[in-house]
Amino acid sequence: MKNAIKKLFRGGLGQLTIPLVAIALLAIFNLIRDPGFFSIGIAHNSNGNAVLSGNIISIINGASELAILAIGMTLVTAACGGQDISVGAAAAIAGSVFVKVLKSASSINGGTVLLAFLLSCIVAMLFGAFNGTLVAVFKIQPMIATLILYTCGRSIAYWINGGATPTISNSILSAIGGFIPGIPLPTPVIIVVVMAILFKLLFHFTSLELFTQSVGINGGAARLNGINPTFIKLLSFVLLGACVSVAGCIGVSRLGLINHETLLLDIEMDAILAVAIGGNSLGGGRFKIIGSILGAYIIQTLTITLYAMKVSSTDVKAYKAIVIVLLVVIGSPVVKQRFTKFMTRLAENRKKVSAKGAEE
Amino acid sequence: MKNLLKRKEPLTDTQLLMTITIGIFCIMYILAMVLLGGGFLRAQQIFDMLNDNASLIIVSCGLTIVMIGGGIDISVGAVTSLVVMSCAIYLNKGGNIFVSVLLAIGIGLAFGLVQGFLISYLEIQPFIVTLAGMFFARGMTTILSVDPQKVTHKGFLNLHNNKEIRIRWLGHRVPNGNIIPAEMEFGVVIALIIVIIVFLLLKFGRLGRNFYAMGGNQQSALMLGINVKKTRFLSYVICGFLSGISGYVFLMHTAAGNATNAAGMEMNAIASSIIGGTLLTGGVGNVIGTFFGVMSLTTIKKIVVSSGLNDPWWQSITTGGMLCFFILLQSVVLGRRQKRKNK
Amino acid sequence: MQEECLLTMRGIEKRFPGVLALNGVDFSLRKGEIHALMGENGAGKSTLIKVLTGVYQMDGGEIRLSGENIVIRSPEDAQNKGISTVYQEITLCPNLTVSENMFIGRKSGFVIRHKDREKRADEILKRLGIPARSTQLLGNCSLAVQQMVAIARAVDMQCKVLILDEPTSSLDDNEVQMLFKLMRDLRGQGVGIIFVTHFLEQVYEVSDRITVLRNGELVGEYLTEELPQVQLVSKMIGKELEELSNLGDSEDNRIMAQEVFYEAKGLSSTEAMPFDFSIRKGEVNGFTGLLGSGRSESVRAIFGADKVNGGTVTVKGKPVKITRPVEAMKHGIGYLAEDRKRDGIIADLSVRENIILALQVMNGIFKPISRSESEAFADEYIKALNIKTASRETPVGSLSGGNQQKVILARWLLTHPDYLILDEPTRGIDVGTKLEIQKLVLKLAEEGVSVTFISSEVEEMLRTCSRLIVMRDRHIVGELTGKDLNQTQVMKTIAGGEG
């Protein structure tokens, strides 16, 4: 365990400095403001299960969809040097397919839920492949290519629902969106952990990480080393598609209904932000999934903190923006350079002053 | 004659893409006139499209400038919304109309200056900066007021109510023999003037040509002695300024501030610019194309409504389809050009 | 030193992380002269020029222009002071017209009168004999014309100092003559021209004076007529390289006894004209010819780097199809690309990751090399090739050019290739590393690896190759072996028997 921590620090502290500092600052701020902010209690939910409750739990629970999308977004960003702005719309489509299949099933049981999820996953991956084809084959910038689905995705979701916002209530779904009886941790959190482990395994048992980074940093050189950049880019979009369907299904299960307009609204912007706050370059190349997940939790911590300070949910954005700008300004290489220069000059001046003092 | 033709230069990428856009817009509109008739046969249809989209046209002009310079600004819609809300509240508190215009421009400029500074001089990625700008503007709008603010200022309402310019000879005859003149809002005039000014700036202004140079190849622009940082900074300042004006035009159209005003406008503006032939990579584009981009987007929506596809989803699905068509077309056309050039 | 000194640079120093690129270099340019700046790749020519044009800030030394001490802050600043540059890679905007490229970025009013500018541009183009129209889009002009437009721009800016950095590398003979005429005209008008080129004949044709740099240091300044070509070459290369002797004839016999490893008949790609080629096991051969003669394009076709159009290929006597790099790699071919930065290194990845990249691709995506294994590989090759790096996890982009090249070499050696194509492996790296790489090539050949070697420096190729394939105008024009392998013969063949 100690070794693992050491490794983490040695391997990735450079990139993870900003997100870790941000989390620490937020934590300290909250502790000063309200020492009980981080207390975790046990509450009983409507089903009578003993579950954990508290701000930490609601942060990591609420950030689940975001964290999952951030994982996929990191891959796309790394391979293509651009972002997918259609993830929210695609998640609405995935959620709609999920609900549609469940609604048309005669009874909802574990099997049908799995089937519905797989179908929604396939649909989301197909849309991912559509985006990926535009980017990888037609060489269109990701943001432009995904603007298409961003524009019409939520309408497609509406169309799948036949112009309704159907509700669906079932114990399996509430277990997915809430708590599994007997387990005090929210299920979405567990799903995030599972997804993170799955991607970790993917990177462990394949050399996808190396290939993706190579393509993102220098696609031409990667091709001359036998890597197929088109395939890698396409694959990144398809994997993001899988993440999108997971996030969409969690979102639907949480609410017990599919609303094409509001499901994971504006989450694409947060997901891109999570990638950037996690220290990943939006221009592609080197990436750390863990950074993006941290980024997602930072965004959610910020939101919950603001809620706790009685900021209304619509106003949160303004404060969030200020924190984001502060974070990126601190992280900006120009600022860092200026700062170092300033510090060295300061030190020199001090030397001069002390030298003068000594003379006198 | 032959000589004349020979001396003509081949179309530049900008001109080619713009020509395609205008051509497709004309074909679309003529088809609509022939197949759907009705409203499309009246001049008022075009004026309606302009009236509803004057502020979108202005915002798209600003965005086109930024995109030609190789950047992106996704805060424009939110800034428009913030301007609408601030001016509405200010006017309702008994403010002066002239000052409200200054307020609109001031807010727009402030966003342009700050974002431009962060992007050009601190070299932060434009997407993140303007995303934060968008969040900030949207948040500020709701902080100002969550409830809709109907403007009650008398002077402004007079302006709002008498703002139409009536053009009789473009009007249409109703069954009882009277002629209803075509109506155009004052905001449209502002929008059209801005299109022309920006067109001239990009074509004949030193600054405008620097935008193209910077977007075409930043390194080259630097080597040619262009102050790239300042140029980039100015592109965002102009864009912010236009967002401010766009907000005021929006308010003149609706006479009410609402937290959801101009929702999704940034993406509509980006889509319009792209359809008009502006490339996100920079160096290629034109506001005339952007103008027709806005008109094409609106026309397709009108066509969907007129042809009886009443389900609410068809509008955006066809919009998406059209966007896809244009993006692919541009990719193929430019790709083929590139290949030919290499040979 | 009676002539008026237009520009003097004294004791110029420029440091990059880990490298001293310029070490106290002096340079002076007189009014109305063409001054050739010579040196091998990596000698510091480009750095010196970038200091002079404000792209880099010098770390020491002084620059005087017309007797005044000046500091050059940016390219804009240099232009305003009368120092104009035409770079090897064209630095104009392809999306603007010719006339705009000539006038943009210069002091002017806020409103541009295109018609006036076009008229003026046409006049200048006509006067200088440049075959372009002012209204033409620059991107639609040939590279040569683009280069000339850049010169026209500089001329119109009344520059005092004109720097031409490898202006002739993409021009044909006629265009070169046109350019030289232009240069002589400008010299007549009192402009000082700094001319950087690889082509020795051109230096002797057009220049008045030569300054030679080596390894970031000044070797000396000479009048062109007083410095014979052979001496110039020896000054550029230095004496250190003489320790490697040419391969003997016995080597040829050993190689002829080996089987043919790779053979191509009528191979062509989108970039390369059809050509025949073969190489035996353990043979070192080379493609030579001027830049743009098609030597790089040919080896790229062998590796499948460009789209292959036709031809038949056999590897070890079996017909195979190689259309993509990965297929070439599967048949044991490795390729070190000409442009290290663009096609070779993955700059942000670590030395370790760069080294295992090709092997990983050959293993396939589902068989990742474990961390410990890759560390072992990296350590082994860092030691074997003497790669100077802080650690195996250092990003390869922060290494010096020579060490980057070694990393790429390590990458291919790790795949244990049967046939290695090295395109300009010694470009822009220090002499010591050059020697190491040459020795390595010969050692590989002894171990039975076939190597195709390309270098701009003929001497280097003569030392390593037992057979030279000479190319001109995208065609193979000759093959030299045995006794014919000498500088004169190579030059003759390149020039087409006349030189």
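**Note on the predicted three-chain model**

1. Between chain B and chain C, 10 residue pairs are in polar contact, both partners having pLDDT 80 or more. A polar contact is a pair of N or O atoms within 3.5 Å; within protein, one must be able to donate a hydrogen and the other to accept it, and residues adjacent in sequence count only if both atoms are side-chain atoms. Helices (H or I, at least four residues) and strands (E, at least two) are DSSP runs, numbered from the N terminus. The largest share of that side, six residues, belongs to α9(B). By residue class, the side comprises nine nonpolar, nine polar and six charged residues. Here Ala, Val, Leu, Ile, Met, Phe, Trp, Tyr, Cys and Pro count as nonpolar, Asp, Glu, Lys and Arg as charged, and the others, Gly among them, as polar.

2. The model is predicted: local features need pLDDT of at least 70 and side-chain atom pairs count only at pLDDT 80 or more, whereas totals for chains, interfaces and linings use all residues. Residues are numbered from 1 along each chain as its sequence is written, chains are lettered from A and ligands numbered from 1 in the order in which they are written, and side-chain values use heavy atoms, with hydrogens and water left out.

3. The extent of the B–C interface is as follows. Chain B contributes 24 residues to the contact and chain C contributes 28 residues, where contact means heavy atoms within 4.5 Å. About 2,300 Å² is buried between the two chains, 57% of it on carbon and sulfur atoms. More than any other three residues, B:R206, B:M223 and B:L224 account for the area that chain B buries against chain C, supplying 33% of it. Buried area is the accessible area (1.4 Å probe) that two parts lose on being put together, summed over both.

4. Which residues form a salt bridge, with closest N and O atoms 2.1 Å apart? They are B:R209 and C:E100. One salt bridge is found across the interface of chain B and chain C, the term denoting a side-chain nitrogen of Lys or Arg within 4 Å of a carboxyl oxygen of Asp or Glu.

5. For the interface of chain A and chain B, the contact takes 41 residues from chain A and 40 residues from chain B. The buried area is about 3,600 Å², with 83% given by carbon and sulfur atoms. A:M143, A:I144 and A:M269 lose the most area in chain A, together 15% of what that side buries. The salt-bridge count between these chains is zero, and five residue pairs are in polar contact (both at pLDDT 80 or more). Elements of chain A that each supply at least two residues to this side include α5 (110–136), α6 (142–160) and α12 (267–277). Helix α6(A) gives the largest share, 11 residues. The chain A side divides into 29 nonpolar, eight polar and four charged residues.

6. Rings of Phe, Tyr and Trp (its six-membered ring) pair if their centres lie within 6.5 Å; planes under 30 degrees apart count as stacked, over 60 as edge-to-face and the rest as tilted. C:F303 and C:Y335 make a tilted pair, 5.1 Å centre to centre with 35° between the planes. Because C:F303 lies in helix α10 (residues 295–303) and C:Y335 in strand β16 (residues 333–336) of chain C, the pair ties together parts that are 32 residues apart in sequence. Both C:F303 and C:Y335 are buried; buried means under 20% relative accessible area, exposed over 50% and partly exposed in between (1.4 Å probe, protein chains only). One aromatic cluster is formed by C:F261, C:Y262, C:F275, C:F277, C:F287 and C:Y419.

7. C:S450, in strand β18 (residues 450–454) of chain C, is buried at a relative accessible area of 0%. The side chain of C:S450 reaches the backbone oxygen of C:R280 at 2.9 Å. Residues touched by C:S450, not counting those up to four places away in sequence, include C:F261 and C:Y419.

8. A:L264 has a positive phi near 50° and is buried at 14% relative accessibility. C:H416 has a positive phi near 45°, lies in the loop between α15 (401–414) and β17 (419–423) of chain C, and is exposed, with a relative accessible area of 60%.
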